[in-house]
Number of protein chains: 2
Amino acid sequence: MQLGNIMLASAIRTIPDYPRPGILFRDITTLLGDARAFRKAVDELVQPFVGAKISKVAGIEARGFILGGAVAHQLSSGFTPVRKRGKLPAATLRQTYALEYGEDEVEIHTDAVSPGESVLLVDDLIATGGTAEAAVKLLRQAGANVVGAAFVINLPDLGGAQRIAAIGVPVHALVAFPGH
Amino acid sequence: MQLGNIMLASAIRTIPDYPRPGILFRDITTLLGDARAFRKAVDELVQPFVGAKISKVAGIEARGFILGGAVAHQLSSGFTPVRKRGKLPAATLRQTYALEYGEDEVEIHTDAVSPGESVLLVDDLIATGGTAEAAVKLLRQAGANVVGAAFVINLPDLGGAQRIAAIGVPVHALVAFPGH
């Protein structure tokens, strides 16, 4: 079952029991590999934000780098990476967030954004929203105005979109898989 | 010291003693964060290949995803990821390559390219060329015609560009740091 853009939804491959039994993994590599679907996804990701004067896109490692790089190019903006701990070479800001079991950490460079800069957060998928919330906190700590968060896929049953909206960031997703 | 595009070279930050003492790390996050430099880098990366009818860009994890996503968007092509072992959800082809100490592995999906498809390989930097060579082998194994390999940075003393040229793939790099 899916809601949203049917052409994009049909370009997403579903892999049962990955990475664990019982999980339906939504694989966007088939969408990215289809030139028309990739272009359409980028067009639709930026659509609500074209008047927002976004000067930087923040992409979340690793699939958010692919889409975020393309979205930044489409918007003629800069790009800044949100990376897992220990991957960025200069001074960083770090945020810890909870996983289903344990916790994880993401980082941005301290100079990733300029104070007051309008930033669009991009990733391939929003599930619980833990990583996205941590990214928003980091970007705000660096002085960014996070004008929105854009995802190809939303798993609405996991509540991530509401969680990000609740901290004041408009969420835009192209395809939803209820019941994931 | 650097050779090549001066505007792009000056947008690259050099971090001494990272990740180990004695290494000068070339950090492209400052280039990516500068909207004009990012756009110029993408324009220059694709420039030799605009007539080559590239239908897919292969980007190498992780920084090659950012540039590769933007290059694919610029060329209106598809994108396929070259990932570290164990990150891709469907059936893969795998290639082992030597590191300074030990070895590493990269993968692509078995359906990453169509037979005969013209593919451009993209990464941020070429050093020894080990990862790029493994990526070329994988793409060819899947049936791709690898029409070129494009990098923002070349460290010419490490010989990677010659290594890739020697297996029949034209190499294009925007900035060289001799003596790295």
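**Entry 1. A salt bridge, and the ground rules**

I began with the side chains of B:R13 and A:D111, which meet in a salt bridge at 2.7 Å, N to O. I take a salt bridge to be a side-chain nitrogen of Lys or Arg within 4 Å of a carboxyl oxygen of Asp or Glu.

I note that this is a predicted model, in which local features need pLDDT of at least 70 and side-chain atom pairs count only at pLDDT 80 or more, while totals for chains, interfaces and linings use all residues. Residues are numbered from 1 along each chain as its sequence is written, chains are lettered from A and ligands numbered from 1 in the order in which they are written, and side-chain values use heavy atoms, with hydrogens and water left out.

**Entry 2. The contact between the chains**

I looked up how many salt bridges run between chain A and chain B, and the count is 2. A network of salt bridges with shared partners joins A:R13, A:D27 and B:D111.

The contact (heavy atoms within 4.5 Å) takes 36 residues from chain A and 36 residues from chain B. The size of an interface is often given as the accessible area lost when the parts come together. Here I recorded a buried area of about 2900 Å² between chain A and chain B, with carbon and sulfur atoms giving 59% of it; buried area is the accessible area (1.4 Å probe) that two parts lose on being put together, summed over both. On the chain A side, A:R39, A:H73 and A:P89 lose the most area to chain B, together 22% of what that side buries.

**Entry 3. Salt bridges in the whole structure**

I searched the whole structure and found 22 salt bridges over all chains. I then followed three of them.

In one, the side chains of A:R83 and A:E61 meet at 2.9 Å, N to O. A:R83 lies in strand 5 of chain A and A:E61 in the loop between strand 4 (56-60) and helix 4 of chain A, so this pair ties together parts that are 22 residues apart in sequence. Helices (H or I, at least four residues) and strands (E, at least two) are DSSP runs, numbered from the N terminus. Are these two residues buried or exposed? A:R83 is buried at 7% relative accessible area, and A:E61 counts as buried at 10%. The scale is buried under 20% relative accessible area, exposed over 50%, and partly exposed in between (1.4 Å probe, protein chains only).

Next, I looked at A:R94 and A:E107, whose side chains meet in a salt bridge at 2.8 Å, N to O. A:R94 is in strand 6 (residues 92-98) of chain A and A:E107 in strand 7 (residues 103-109) of chain A, so the pair links parts 13 residues apart. A:R94 counts as partly exposed at 41% relative accessibility, whereas A:E107 is buried at 2%.

B:E44 and B:K40 are separated by about one helical turn because they are 4 residues apart in helix 3 (residues 35-46) of chain B. B:E44 is partly exposed at 23%, and B:K40 is partly exposed at 30%.

**Entry 4. Cavities**

Rolling a probe the size of a water molecule over the atoms shows where empty space is left. On a 1 Å grid over the protein atoms alone, I count as a cavity a set of points where a 1.4 Å probe fits but cannot get out, and as lining the residues with an atom within 4 Å of a point. Grid points are joined across faces, edges and corners, and a volume is the space filled by probe spheres set on the points.

How many cavities of 30 Å³ or more are there? I found 3. The largest cavity has a volume of about 60 Å³. It is lined by 13 residues, of which A:R83, A:L88, B:D27, B:T29 and B:R63 are the closest to its centre. Strand 3 of chain B gives the most to this lining, with 3 residues. By class the lining has 6 nonpolar, 1 polar and 6 charged residues; Ala, Val, Leu, Ile, Met, Phe, Trp, Tyr, Cys and Pro count as nonpolar, Asp, Glu, Lys and Arg as charged, and the others, Gly among them, as polar.

The second largest cavity holds about 50 Å³ of space. Its lining includes A:T29, A:R63, B:R83 and B:L88, and divides into 5 nonpolar, 1 polar and 3 charged residues.

Technical notes:
On a 1 Å grid over the protein atoms alone, a cavity is a set of points where a 1.4 Å probe fits but cannot get out, and a pocket is an open set with protein on both sides within 12 Å along at least five of seven lines; lining residues have an atom within 4 Å of a point.
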